[in-house]
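Here is a walk through one structure, helix by helix. Have a look at the picture before reading on.

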Amino acid sequence: MNQGRYDEALPLLERAIVPLRGSGELPEAYTSYNLAKTRLELGRCDDVIPLLDRSEAIQGERREITQARRQAQEQCGD
């Protein structure tokens, strides 16, 4: 993801989020954000807002999440 290889990061993040869901721990927050951002960069809108909401619920308001939410609203509507 950090190298812009979003297509390669996507399946890894999709697998990584499964055991983390509902933990309420920072790894869940970070993975949720990274999955949402990766989907946005690939032009996909599926579950982006809920992932950002979950990340923010765990770690609090962060500029990166706000920016990603704005990007999602522009790209995906809502």
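## How the helices pack

α3 passes α4 in a left-handed crossing, a crossing being left-handed if the near helix is turned anticlockwise from the far one by less than a right angle, and right-handed if clockwise. The contact is made by V48, I49, L52, D53, S55, E56 and Q59 of α3 and I65, A68, R69 and A72 of α4; contact means heavy atoms within 4.5 Å. Sorted by class, the residues of that contact come out as six nonpolar, two polar and three charged. For these classes, Ala, Val, Leu, Ile, Met, Phe, Trp, Tyr, Cys and Pro count as nonpolar, Asp, Glu, Lys and Arg as charged, and the others, Gly among them, as polar.

Before going further, a word on what you are looking at. This is a predicted model, where local features need pLDDT of at least 70 and side-chain atom pairs count only at pLDDT 80 or more, while totals for chains, interfaces and linings use all residues. Residues are numbered from 1 along each chain as its sequence is written, and side-chain values use heavy atoms, with hydrogens and water left out. Helices (H or I, at least four residues) and strands (E, at least two) are DSSP runs, numbered from the N terminus.

Two packed helices are described by the angle between their axes and the distance between the axes. Here the axes are lines fitted to C-alpha atoms, for helices over the stretch in contact, and angles run from 0 to 180 degrees between N-to-C directions.

| Helix pair | Angle between axes | Distance between axes |
|---|---|---|
| α1 and α2 | roughly 145 degrees | within 9 Å |
| α2 and α3 | about 150 degrees | 8 Å |
| α3 and α4 | roughly 165 degrees | within 10 Å |

The angle makes α3 roughly antiparallel to α4. Angles under 35 degrees count as roughly parallel, over 145 as roughly antiparallel, 65 to 115 as roughly perpendicular and the rest as oblique.

Now for α2, residues 26-41. The buried residues of α2 are E28, A29, T31, S32, Y33, L35, A36, K37, T38, R39 and L40. Buried means under 20% relative accessible area, exposed over 50%, partly exposed in between (1.4 Å probe, protein chains only).

Which helices do the buried residues of α2 pack against? They pack against α1 (6-20), α3 (48-59) and α4 (63-76).

Take α3: α2 passes it in a left-handed crossing. On the α2 side, the contact includes L26, Y30 and Y33, and on the α3 side L51, L52 and I58 are among the residues taking part. This contact has 11 nonpolar, three polar and three charged residues.

α1 also passes α2 in a left-handed crossing. Among the residues that meet there are Y6, A9 and L10 in α1 and T31, L35 and T38 in α2. By class, the contact has nine nonpolar, four polar and four charged residues.

L35 counts as buried, at 1% relative accessibility. Not counting residues up to four places away in sequence, L35 touches L10, L13, E14, I17 and L51. T38 is buried too, with a relative accessible area of 0%. Leaving aside neighbours within four places in sequence, T38 is in contact with M1, Y6, A9, L10 and L13.

In α1, the 15 residues should span 21 Å at 1.5 Å a residue, and the end C-alpha atoms are 20 Å apart, which agrees. Y6, A9, L10, L13 and I17 are buried in α1, and the buried residues of α1 pack against α2. D7, also in helix α1, is exposed, with a relative accessible area of 55%. D7 and L42 are 35 residues apart in sequence, yet 7.2 Å apart in space, C-alpha to C-alpha.

Finally, the backbone. Most residues other than glycine have a negative phi. α1 is followed by G22, with a positive phi near 85 degrees, and just after α2, G43 takes a positive phi of about 80 degrees. D47, in the loop between α2 and α3, has a positive phi of about 60 degrees although it is not a glycine.

How values were computed: Expected span 1.5 Å × (residues − 1).
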